Amino acid sequence: MKKRTFAVDIDGTITENGGGRIHLDALDALRRLVNMGHDVIFVTGRSSVEGFLLSVFGGTTKVAVGENGGCITLDSNDHILLGNLDECKNALDILKNNLENVEEKYVFPRMTEVVLQRTFDLDQAREILSEKNIDVALSDSQYAYHINSPGIDKGTGFTEVMKRFSISKDDVIAIGDSATDIPLFKVAKTSVALGNAFDDVKSEATMTVSAHAGDGVLEALDKLAPRLSEI
């Protein structure tokens, strides 16, 4: 069996109904992949600590990429910071002073990004920051809006993991559902967009499934099973 590394989003991918409740059958299937000798690494817009804790209690590979690529957690006190929180907070101040309804979202503490409620026009916010020459990345994970340092996304974050553990792109399988997963798809040879993904996300994946969220993960693993048995 050839070892594969699965880069798996969390919200909308292995959660049910968008409420943060884990689809247990999907998690069990991912754990079985690890038991078979593959790696399963969570790559999420949530904090890397949340992703790491899920890996511990879920029985998957104990590495997590969080904050849309801004932070990698390898252990309880071992974090690799790729983004800069201060520049994200500066962008937040600019938005608050120039746009209505800009509110931070109550989330686990972040080390490299700012997380916002989806209560304002994202394109308008990007235009304001551009006019002020503030260079940050604004993205929509469907869970929240995120302010990240320029050049930071799930793809760049996972690339750091690939370098650290000598993982080849040919051996990476990415699974996700939102626009923030597109950069992750680009660093994987195989990428899967779930049924709940928008069309622009599906168009960037090498394969799609019809089922949503956790059920979609199960469908994807079913389709990938013949490939996983390759020597």
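Here are some notes on this predicted model, point by point.

1. Ground rules before we look around. Residue numbers start from 1 along each chain as its sequence is written, and side-chain values use heavy atoms, with hydrogens and water left out. Because the model is predicted, local features need pLDDT of at least 70 and side-chain atom pairs count only at pLDDT 80 or more, while totals for chains, interfaces and linings use all residues.

2. Start with the sheet. Its 8 strands run in the order β7-β6-β5-β4-β1-β11-β12-β13, forming an open sheet with mixed pairing. At the edges sit β7 (78-81) and β13 (207-208), each pairing on one side only. Strands here are DSSP E runs of at least two residues, helices are H or I runs of at least four, and both are numbered from the N terminus. Two strands pair if DSSP finds at least two bridges between them.

3. Now zoom in on β1. It pairs with β4 in the parallel sense over 4 bridges, and with β11 in the parallel sense over 4 bridges as well. Look at A7: its bridge partner in β4 is I41, and in β11 it is A174. T5, meanwhile, stands opposite D39 in β4. T5 and A7 point one way from the strand, F6 and V8 point the other way, and all are buried. Buried means under 20% relative accessible area, exposed means over 50%, and partly exposed is in between (1.4 Å probe, protein chains only).

4. Which residues have the most contacts inside the largest nonpolar core? They are F6, I14, L30 and L221, in a core of 24 residues. Elements giving two or more residues to this core are β1 (5-8), α1 (24-36), β4 (39-43), β11 (172-176) and α8 (213-228). A second, separate core has 22 residues, including V43, V65, I182 and L184. A nonpolar core is a set of buried Ala, Val, Leu, Ile, Met, Phe, Trp, Tyr and Cys residues joined through side-chain atoms within 4.5 Å.

5. Helix α8 deserves a look. Its 16 residues should span 22 Å at 1.5 Å a residue, and its end C-alpha atoms are 21 Å apart, which agrees; the expected span is 1.5 Å times one less than the number of residues. Among its buried residues are A213, V217, A220, L221 and L224. L221 touches F6, A29, L30, L33 and I175, not counting residues up to four places away in sequence; contact means heavy atoms within 4.5 Å.

6. Next, D177, in the loop between β11 and α6 (182-186). Is D177 buried or exposed? D177 counts as buried, because its relative accessibility is 8%. Its side chain makes polar contacts with the side chains of T13 (3.2 Å) and N196 (3.4 Å). A polar contact is a pair of N or O atoms within 3.5 Å; within protein, one must be able to donate a hydrogen and the other to accept it, and residues adjacent in sequence count only if both atoms are side-chain atoms.

7. Finally, find H146 in strand β10 (residues 145-148). H146 is buried, with a relative accessible area of 0%. Its side chain makes a polar contact with the side chain of E113 (3.2 Å). Leaving out residues up to four places away in sequence, H146 touches residues including G45, N68, V115 and S141.
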